[in-house]
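Trainee: I am new to this structure, so please take me slowly through a single part of it, and then through what lies around that part.

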Number of protein chains: 2
Amino acid sequence: MTSGSSNDLEGTASPMGFAHHDHDTCVIDGLAAAEACCAKESLRFTPVRRKVLEILLQEHRALGAYTILDRLRDEGFGSQPPVAYRALDFLVAHGLAHKIERLNAFIACAHPGENHAPAFMICRLCDSVAEAHSVVAKGALGTAARAIGFRIERTVVEAEGVCPTCAEKVPDKAIGNASV
Amino acid sequence: MTSGSSNDLEGTASPMGFAHHDHDTCVIDGLAAAEACCAKESLRFTPVRRKVLEILLQEHRALGAYTILDRLRDEGFGSQPPVAYRALDFLVAHGLAHKIERLNAFIACAHPGENHAPAFMICRLCDSVAEAHSVVAKGALGTAARAIGFRIERTVVEAEGVCPTCAEKVPDKAIGNASV
DNA sequence: GTTCTCCATGTGATTTTATAACATAGCAGT
DNA sequence: ACTGCTATGTTATAAAATCACATGGAGAAC
């Protein structure tokens, strides 16, 4: 990810979370993609799972399992933690949603169906999250991993900071800076 | 995998966790570096903080806060969660330790004093963790972030997989593959 | 169509991880 | 010694995740 391949992200990674877009479309498309994906792999896209994905799609933010659980209860589904966790596990396992480890929270996948290693930008002020493709395996970490024979199976790549929208609203001082 | 059980892989410079090395030195050096670092910045490297760092240095694994807490109790320190969390917060804040978000656990920093954005390789079989430098901010994610005006303040980069030592012990089939 | 099996869901209880809130104690500067 | 700041100790509670077991529903086998 260092030098050479630096625009692997740019084309696809329209920063959904921070950009203006038609949100209804975004939910509908997401559900449709999930349905297609499940049909293709003979997975059961049940009501709870569908509802959880819908809840996630309604935001470009990560939601905690208990927030989701509250909304499930409002919709008449079971109200115990396993209900939410099981649906989330399913969605995550099949690439329809991702867990943001830094937040212990979940977000709908922005590129369902594509086999990808996601990377995220998390705004600490407004909590919005944008998904991009990561190419860690090709970057410095991948190089180090190959050099010593470590076999990478999954990656967690999360950048925390301030999104462009919030950066505008807040005096520079309040933002601090960090250039990692 | 406590102090003794490192593997005999050839050490490239960075991936400490999987490389063969003199472990005592590693603890002593770590504490010395921390001391130097705290002295330089006028920070108080108190007994609890020192002990927690020592506990972490004794392993190249991430330890949960409650595991650390148990050991603190054995050493006669306070035994309530805040005791461990406060020491850990201090160490993390000053770059002497890192939190592995994927595991909700903590590990001693392998490059204390250097201002760095750490990246980790986590073996899911033996739980050992190696630290490398990450350059996310300069890589593809950094490029994308700059392109849209997202200001990265902190990064989480964690690769989960199988370390070289475990890969040797386990039939390939059981390992699976992933090439992210 | 009935039965069987598998998987999904519902529910109660528990475990693990983390913080809030407040009291006590130690050091640093005056 | 007084004062202000930081660190520690302790009780209690919140937040996140899992366990264990009962119920139910869809599809395959008969």
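Mentor: Helices and strands are here runs assigned by DSSP and numbered from the N terminus, a helix being a run of H or I with at least four residues and a strand a run of E with at least two. By that count chain A has seven helices and five strands, and along the sequence they follow the pattern α-α-α-α-β-β-β-β-α-β-α-α. You are looking at a predicted model, in which local features need pLDDT of at least 70 and side-chain atom pairs count only at pLDDT 80 or more, while totals for chains, interfaces and linings use all residues. Residues are numbered from 1 along each chain as its sequence is written, and chains are lettered from A and ligands numbered from 1 in the order in which they are written.

Six strands form an open sheet with mixed pairing, in the order S4(A)-S3(A)-S5(A)-S5(B)-S3(B)-S4(B), where two strands pair if DSSP finds at least two bridges between them. S4(A), residues 129–133, and S4(B) are its edge strands, and each of them pairs on one side only. From one strand to the next the twist averages 20 degrees.

On the chain B side, S3(B) and S4(B) are joined in the antiparallel sense over five bridges, and within this pairing Met121(B) stands opposite Ala130(B) of S4(B), while Ile122(B) stands opposite Val129(B) of S4(B). The two strands form a hairpin with five residues between them, and in the turn Asp127(B) has a positive phi of about 70 degrees. Although S4(B) is an edge strand, four of its five residues are buried, so this strand is largely enclosed by the rest of the structure; a residue counts as buried if 20 or more other C-beta atoms, placed from the backbone, lie within 10 Å of its own, as exposed if 12 or fewer do, and as partly exposed in between.

In chain A the loop between S3 and S4 holds Asp127(A), which is not a glycine and yet has a positive phi of about 70 degrees. Most residues other than glycine have a negative phi. Asp127(A) counts as partly exposed because it has 17 C-beta neighbours inside 10 Å.

H5(A), residues 140–148, has among its buried residues Ala140(A), Leu141(A) and Ile148(A). The buried residues of H5(A) pack against S5 of chain A, and from chain B against S3, S4, S5 and helix H6 (164–169), contact meaning that the C-beta atoms of two residues, placed from the backbone, lie within 7 Å. After H5(A) comes Gly149(A), with a positive phi near 85 degrees. For chain A as a whole, 42% of the 180 residues are buried, and 58% of the contacts between residues at least 6 apart in sequence join residues at least 24 apart.

Elsewhere in chain B, the buried residues of H2(B) include Val52(B) and Leu56(B), and the buried residues of this helix pack against H1, H3, H4, S1 (97–100) and S2 (105–108) of chain B.

The surface near DNA strand C divides into eleven nonpolar, six polar and three charged residues, where Ala, Val, Leu, Ile, Met, Phe, Trp, Tyr, Cys and Pro count as nonpolar, Asp, Glu, Lys and Arg as charged, and the others, Gly among them, as polar. Near DNA strand D there are eleven nonpolar, six polar and three charged residues.

Note on methods: Axes fitted to C-alpha atoms, helices over the stretch in contact; angles between N-to-C directions.
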